[in-house]
Each structure stands twice: as C-alpha cells, then as structure tokens.
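Please look over the structure below before reading on.

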Amino acid sequence: MPECKIGLYPDVGGSWWIPRLKLYQQQQGMVGGIGNYLALTGARLKAEDLLYTGIATHYVKSDQLEELKRALIESTAKEGSPLGDCAASVLMSFHDHSIDVKSAFLSQNRTEIDQAFHGKDRVEDIVATLESMGSESQFAQSTLEALKQMSPTSLKVTLEGLKRGLKLNNVG
C-alpha cells in the first residue's frame with residue numbers, strides 16, 4: 001500500500017479491513033500489528049504473505065492462468081451447474097500447495113511486528129519501539145528506513161483511521 005509514501009491514506013474500506021488482518025486472541029483481547037505495519041510502511045507482499053494474512057485464499061502460478069480460466073468457464077457453463085461456490089474445487093485443483101506460509105516475511109517477523117505496531121496510539125510510539133529494538137534487529141532498521149520515506153502527515157492520518165476503523169462493527 002503506497003498511500004503513505006505519496007501523501008495519501010487507505011480508503012474505500014481499507015481503514016476497516018486492514019487493522020483486522022491476522023489478529024489473534026490473547027488474555028487482553030485481540031492482538032495483531034500486521035495491518036498497521038502494512039498500511040504504514042507500504043511493504044510489498046509475496047504469495048506467502050498474502051496467504052499468511054488471509055488476503056488471498058489460493059495461489060496459482062502465472063503459467064497456469066489460461067488453463068484456470070478455461071476450467072472456471074467450463075465449471076460454470078455445465079447444464080445444471082449450481083450457482084453457489086462452483087469455483088472452489090477448480091481453484092483448489094490449481095492451488096500451488098508448495099507455498100509455505102511459515103516462511104512468509106510477515107510470519108518470520110510476527111513478534112517484532114506486533115511489538116512495534118500493535119496498540120500504539122502514535123506514530124512516535126511505533127518509531128520509539130523500533131529504535132529500542134536496536135541495530136541488531138534487521139527488521140527494525142529496515143522498517144525505520146521505510147517509515148522515514150513516508151509522509152509524516154499521512155502516517156498520522158492513516159494510524160488514526162486504522163484505530164477508528166478497528167472499533168467499527170462494519171464498513172458502512
């Protein structure tokens with residue numbers, strides 16, 4: 001999400017769904033900083049990260065897309081074919097099961113992401129947490145570099161939007 005880099009902020013429902021990415025239950029309630037991390041840093045996601053966060057449910061290699069398209073058309077064109085989830089079995093048959101979500105960048109750095117980005121009220125608090133991780137943390141150093149490239153105003157507006165969006169019951 002490049003919004004913070006170009007002086008904008010996530011919109012069109014982004015402030016509702018982004019903070020809900022990959023939350024998990026702990027005694028103090030729902031925990032998770034992945035959405036805030038992605039929205040504020042503009043980090044690029046690979047297939048493993050998309051599957052890890054739940055943004056994607058299937059991954060199909062690009063050289064199989066034409067074949068997938070034909071299979072989807074055939075599955076919906078059959079006489080008497082149910083209109084429900086006729087695509088699910090087709091997608092699963094093309095899904096690349098070799099993708100290892102445990103190797104995803106977000107999975108590998110989950111502890112530091114949550115430590116730095118979960119429950120922070122201010123961008124300054126996120127920066128202070130990252131700085132406290134020290135120079136030995138490659139994650140902290142690269143994230144600080146990414147945040148320095150962003151519009152300070154956009155970072156603050158985005159974080160506030162994400163905090164408010166998390167409190168809403170629905171997008172509307």
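On a 1 Å grid over the protein atoms alone, a pocket is an open set of points where a 1.4 Å probe fits, with protein on both sides within 12 Å along at least five of seven lines, and its lining residues have an atom within 4 Å of a point. This is a predicted model, in which local features need pLDDT of at least 70 and side-chain atom pairs count only at pLDDT 80 or more, while totals for chains, interfaces and linings use all residues. Residues are numbered from 1 along each chain as its sequence is written, and side-chain values use heavy atoms, with hydrogens and water left out.

The largest pocket has 16 lining residues, and those nearest its centre are Asn36, His118, Gly119, Lys163 and Leu166. Two elements, H2 and H10, each give two or more residues to this lining; helices are DSSP runs of H or I with at least four residues, numbered from the N terminus. H10 gives the most, four residues.

Next comes the interior. A nonpolar core is a set of buried Ala, Val, Leu, Ile, Met, Phe, Trp, Tyr and Cys residues joined through side-chain atoms within 4.5 Å. Buried means under 20% relative accessible area, exposed over 50%, and partly exposed in between (1.4 Å probe, protein chains only). The largest nonpolar core has 22 residues, and Ile34, Tyr37, Leu40, Leu106, Phe117, Ile126 and Leu130 touch the most other members. At least two residues of this core come from each of H2 (34–41), H7 (110–117), H8 (123–132), H9 (138–148) and H10 (152–167). Another core, of five residues, lies apart from it and includes Val60, Leu68, Ala71 and Phe94.

Leu130 leads on to H9. Beyond its neighbours within four places in sequence, Leu130 is in contact (heavy atoms within 4.5 Å) with Ala116, Phe117, Phe139, Ala140, Thr143, Leu144 and Leu147. In H9, Phe139, Ala140, Thr143, Leu144 and Leu147 are buried. They lie on the same side of H9 because they cover an arc of only 125° around the axis, taken from the directions from the helix axis to the C-beta atoms. Gln138 and Lys148, on the other side of H9, are exposed. The cover over the buried residues of H9 includes H2, H6 (105–108), H7, H8 and H10.

Phe105 lies in H6 and is partly exposed, with a relative accessible area of 38%. Not counting residues up to four places away in sequence, Phe105 touches Tyr37, Asp49 and Phe139. Phe105 and Lys46 are 59 residues apart in sequence and 8.4 Å apart in space, C-alpha to C-alpha.
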